[in-house]
Amino acid sequence: MFIIMISPECAPVAKVGGLADVVFGLSRELEIRGNPVEIILPKYDCMRYDQIYDLHVDYHDLWVPHYDHWVHCTVFAGMVHGRSCFFIEPHSDRGFFSRGVFYGHNDDDERFAFFSRAALEFMYKANKHPDIIHCHDWQTGLVPVLLYDIYKNVGMTHPRVCYTLHNVKHQGVTGEFILRESGLKPASEYFRLDRMQDDGNPFAINLMKSGIVYSNFVTTVSQQYAWDIKTSDQGCGLGHTLYTHSDKFGGILNGIDYDVWNPVIDRHIPYNYSIETINDKYKNKEALRHRLLLRQEYKPIIAAVGRLDHQKGVPLIKHALHYAINNGWQFVLLGNSNEKSLNDEFLAIKAQYNDHPDCHLEIGYDEELAHLIYAGADMIIIPSLFEPCGLTQMIAMKYGTVPIVRGTGGLTNTVFDVNTSDLPFEQRNGYVFYDYNHHGIEAALHHAVGLWYSFPETFRQVMINGMRYDYSWNNPGQNYLNIYEYIREK
Ligand code: ADP
């Protein structure tokens, strides 16, 4: 099967969050299974060009319809760690993808509507006929609309569309001009509640909703999140649409890349280890303390790694940090935020604990330190308000670091509580709390740290239980192939 991914992100060249890892990891798995994949991306000026091999012009003069004129584009091709990628560069005064950042401009809706149209125009002109177009998040929600209402009429009848929702908090709610921009007319055809009209604002077009309505199949990144967004306010207004389209909607848990996240072969950690040599994890704990100037003493290290975002439960992270220090445990945080005020808040806490021998905060993005923390910490907290899938808990488990999570979205599908899960003990791999408050996280921390101090052998078994789980792309890869097969045959 020939698959084309149309995506605003792909790791490691254009990465903001987990979406980038999914596009790369899934594409890789599909290719390992013998299915050629091509990935179409915007050619951002701020990409990691050092991660692209053999970047060259693939298609010189691509003219893309835009309102009542055409925009001249050049399409580049290059390999990103073995994946075949195409990068669309528009030559327009608007500088759609030369803004120094991936997102965050007032015209993001127009930028990505343009990208969606350009990706299809490129496929059409370059004579690409994939079996499956797999598109991602609101930025590419227009792709199935354009495919079925414009490009099908000029001969692109073959491809079927799979659309993945990575986070429904951002939906691309925009104005009627998007229809004019992309050549979709008459507007009355699309301004309908069963098509592109936003459920909350009758004068707005909702790009994510459009993707859901027009695709052949819609997935999201965990079974629990699929349920949450269909049945609760976590759907942010999309619940009704998802409910209406239930027969073509489901959750598939993301995988992680065990070539990157694996303590047996990890090049970023000083001591490699496996279940058999798990004691070597403690050499990494020493190394982590050494690097972060923490005291070497018999006590657990609790970690937090991730974006400092409302979604991630910032108030509970802060509370856990103070609580751990007050109880004489150690706490390590690696994180950053797009919001200056949040970064400043954490920088103030960092200053407060500046010379503290049991606490270190690193405010920034540091891939290498992240690896050392996963290897060196005993536990990791993920107290998210909501979590579509979450990769941190799966990565932590591979490193024998026990996750303490709030039971929401993908966290529920991957972490099974040591005390309360129905599963046999060998499958219990962490701690889950539900109450989004201080009491909730304190109780979970006490259970985890209590076991660590009082029953170290049982704690070690929980670590091993987590390390045994297979959260690679193996299962999700097969699940996506099953969906592709299903929609091809329909
Ligand atoms: P999200 O996609 O919502 O940010 P995920 O848990 O799905 O959260 O993925 C987060 C990924 O980003 C993990 O691989 C995590 O290690 C990494 N990460 C997040 N923040 C940082 C940081 N400040 N430094 C290094 N890696 C980070």
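Contact here means heavy atoms within 4.5 Å. Helices (H or I, at least four residues) and strands (E, at least two) are DSSP runs, numbered from the N terminus.

Good morning. The structure is a predicted model, in which local features need pLDDT of at least 70 and side-chain atom pairs count only at pLDDT 80 or more, while totals for chains, interfaces and linings use all residues. Residues are numbered from 1 along each chain as its sequence is written, and side-chain values use heavy atoms, with hydrogens and water left out.

I begin with helix α9. It covers residues 281-292, which is 12 residues, and its first and last C-alpha atoms are 17 Å apart, close to the 16 Å expected at 1.5 Å a residue. That expected span is 1.5 Å times one less than the number of residues. Buried means under 20% relative accessible area, exposed over 50%, and partly exposed in between, with a 1.4 Å probe and protein chains only. The buried residues of α9 are Lys281, Asn284, Lys285, Ala287, Leu288, Arg289 and Leu292. What covers them includes strands β12 (301-307), β13 (330-336) and β14 (359-363), together with helices α12 (367-376), α15 (438-454) and α16 (456-468).

What happens just after α9? Leucine 293 takes a positive phi of about 55° there, in a residue other than glycine. Leucine 293 belongs to the loop between α9 and β12, and its relative accessibility of 71% makes it exposed.

Next, a helix pair. Helix α2 (residues 108-125) packs against helix α3 (residues 142-151) at an angle of about 45°, with the axes 9 Å apart. Axes are lines fitted to C-alpha atoms, for helices over the stretch in contact, and angles run from 0 to 180 degrees between N-to-C directions. Which residues of α2 and α3 make the contact? From α2 they are Ala113, Ser116, Arg117, Leu120, Glu121 and Tyr124; from α3 they are Leu142, Val143, Leu146, Leu147, Ile150 and Tyr151.

I turn now to the loops. A cis peptide bond, with omega about -5°, joins alanine 11 and proline 12; proline 12 sits in the loop between β1 (3-6) and α1 (18-32). A further cis bond runs from lysine 185 to proline 186, with omega near 0°, and proline 186 lies between α4 (177-182) and α5 (187-190).

Where is arginine 48? It is placed in the loop between β2 (37-42) and β3 (53-66), and at 40% relative accessibility it is partly exposed. Setting aside neighbours within four places in sequence, arginine 48 is in contact with Pro12 and Val13. Arginine 48 and proline 186, by comparison, are 138 residues apart in sequence and 40 Å apart in space, C-alpha to C-alpha.

Finally, cysteine 236 has phi near 50°, a positive value in a residue other than glycine. Cysteine 236 is in the loop between α7 (223-231) and α8 (239-244). Is cysteine 236 buried, partly exposed or exposed? With a relative accessible area of 38%, cysteine 236 is partly exposed. Thank you.
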